[in-house]
Amino acid sequence: MRRYFARKLLIYALTFVVAVTVNWMIPRFMPGDPVSAMVARARVSQPEAAEAMRTYYNNLFGFDEPLWQQYLHFWGALLQGDFGISIFVFPTPVGDVLLDALPYTLGLMIPAVLLSWFVGNWIGALSARRKVLDNTVLPAGYLLTAMPYMWIAVILAWALGAKAGWFPISGGYSLDIQPGPSADFALDALHHWVLPFLSLFLVALGGWAIGMRNMIIYELESDYASYLSALGAPQRLIRRYAFRNAVLPQVTGLALQLGVLVAGALVTEIVFAYPGLGSLILAAIQNQDFFLLQGAFLFIVIGVLIANFLIDIVYVVVDPRTRTGMAGGTS
Amino acid sequence: MSTLPDPAPEAPTAGAPVAKPGRESLHYAVRNPKLIIGVSLVAVLLAVGVIGPMLLDNGNPNEYVGPQASAPDGTYWMGTTTFGQDVYAQFVHGLRATFLVGVVGGAIAAVIAMLVGFLAGYRGGVTDEILNMLTNVVLVIPALAVLLIINAYMGVRSVAVQGLFIGLTSWPWAARAIRAQTFSLRTREFVDLARLSGSGTWRIVFREIAPNMSSYLFMMFILLFGGSILIASSLDFIGLGPTEGVSLGLMLQSAQQWSALQLGMWWWFVPPGAGITAIVGALYVANVGLDEVFNPKLRES
């Protein structure tokens, strides 16, 4: 058990180091010079002014130091929570900009991930024993997993937002409401939250349902299930065992899917102009705000790492084998 | 994420006439409705993507050719955009780009996954530990975030480059699965025999192990192919698609950008998304069919 967590922690630490290094390397080793691009974008006519800008940016990035020093400084600043200053919303620090957007993204992601997982597994387990349900769940599941996130979002916005007029199709809250801890704001934010949540939820749902259905069928045909039923055990009991075994790979799958769901949240936020990290990233790209982009990348990586670590803990609780030290070997 | 089937072929039941595995698979393949539906749908869409652009008199799908924002009719089968671009022309060109990005991304990811998975699974020990660590690192870093940053910095944007990037980041789960399969195959007698006769690692991997899981590898490629298409469409949508030409994701992006939704121009955003869904969905369904063909346990009745 201690070995299991030591291994996991090592992997996470290593991932973090690699992510930070990638983040540091990209502006330095990529073809094309981000500083020139930013100076060119500012369209400064006087050469002196352009030169001053260049020096400013070089200093900000720390390009005027030797490479190894730049690398160490990058880490030093990062550990103090300093992500640099945003160009897009100058002169706010990148950390603050990201923290403002974070609650929206988390409020969208966490319910979508967890609910789709629970409901998907439940539907999958049910459909494994009802032929009628199975014949509808399977095709619907494949259809849902094959849909691109933004497309289902656009369709939902069109049907439930533009046509039916039930939900607002853009923004995180109405413009005439001041964000703050009031009931009005909470209700309004919830109203805006429904469509983006629904699109994330639906796309993820199909995959879980199919995975669970396949696993349960596989388990119900296994030796222990036929042995139990030969002994005359009630179907309920057999199904309960099958469910317990089938849910383990789904927990592993949850960890695997997290990185993908980040992508889903990004594009969904863009469709609904939802004020989370995804919209920020789009703005950062359009404004060539490299600090903001790098900061967002690190935020996402840290988020995925934390979530994966939580899932590892859950895994220890649900899988007795991890507890007894048979660590590692899952697929 | 579908569960990973056991690719080991089942021994034919005693007394039944022993057919050659290839012929047997073919026998079941042509009788599997899921496989047939999936494959034909992909084939039809592929044909539309390959032949469609040739039948159009106009080489550039982004040119302004028709009336602005008109609903589908006899001349413009899928209507026109706000600028009078022919949505059908964009759609058939987009299908082509989508298939291309799927093949390039899927193939690169499959090759990397095979190299890493085989080596880790067959060699074991320290090699396995290192490769496993690498796989886990890439697995935990969200691929889209990396692609975003790289794409934002790099000026080069073509379908091929996009496919390359997607291939380089989407291999980890497949590598893990191949590693697990190789692990169970490497202790079989025929592998021991090959090792005794002095074959090298790669010779054993490609002559003895890979052929035994060929069906599994093929199915994995199909899933990577579909995955590449979905990732590419996300990238296109965010505005990091190819800078030239047209793809289904780019069509969705411009529909979004020019508020097709608010203007009620459903013919602008429905076809590209439906195209992606149809290709990826058909690939998944064909994959389930293939699974049933290769894995006798799953065959109904």
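Me: How many residues of chain B are in contact with chain A?

Reply: This is a predicted model. In it, 44 residues of chain B contact 52 residues of chain A.

Me: What area is buried between chain B and chain A?

Reply: About 4,700 Å², and carbon and sulfur atoms give 80% of that.

Me: And how many salt bridges between chain B and chain A?

Reply: The count is one. Arg7(A) and Glu129(B) form a salt bridge through their side chains, at 3.9 Å from N to O.

Me: Which elements of chain B give two or more residues to the side that touches chain A?

Reply: α4 (125-140), α5 (143-153), α7 (172-185), α10 (214-240), α11 (248-257) and α12 (266-294). The largest share, 12 residues, is from α12(B). By class, that side of chain B has 32 nonpolar residues, 10 polar and two charged.

Me: Cavities next. How many of 30 Å³ or more in the whole structure?

Reply: Five. The largest cavity has a volume of about 80 Å³.

Me: What lines the largest cavity?

Reply: 14 residues line the cavity, and those nearest its centre are Thr98(B), Val101(B), Ala232(B), Asp236(B) and Ser247(B). In chain B, α3 (87-123), α6 (159-169), α10 and α11 each give two or more residues to the lining.

Me: Which element gives the largest share of that lining?

Reply: α10(B), with four residues.

Me: And how does the lining divide into nonpolar, polar and charged?

Reply: Eight nonpolar, five polar and one charged.

Definitions and conventions:
Residues numbered from 1 in each chain as written. Chains lettered and ligands numbered in written order. Predicted model: local features only at pLDDT ≥ 70, side-chain atom pairs only at ≥ 80, totals over all residues. Heavy atoms only, no water. Contact = heavy atoms within 4.5 Å. Buried area = accessible area lost by both parts, 1.4 Å probe. Salt bridge = Lys/Arg side-chain N within 4 Å of Asp/Glu carboxyl O. Nonpolar A, V, L, I, M, F, W, Y, C, P; charged D, E, K, R; others polar. 1 Å grid on protein atoms, 1.4 Å probe; cavity = no way out; pocket = protein on both sides within 12 Å on 5 of 7 lines; lining within 4 Å. Points joined across faces, edges and corners; volume = space filled by probe spheres on them.
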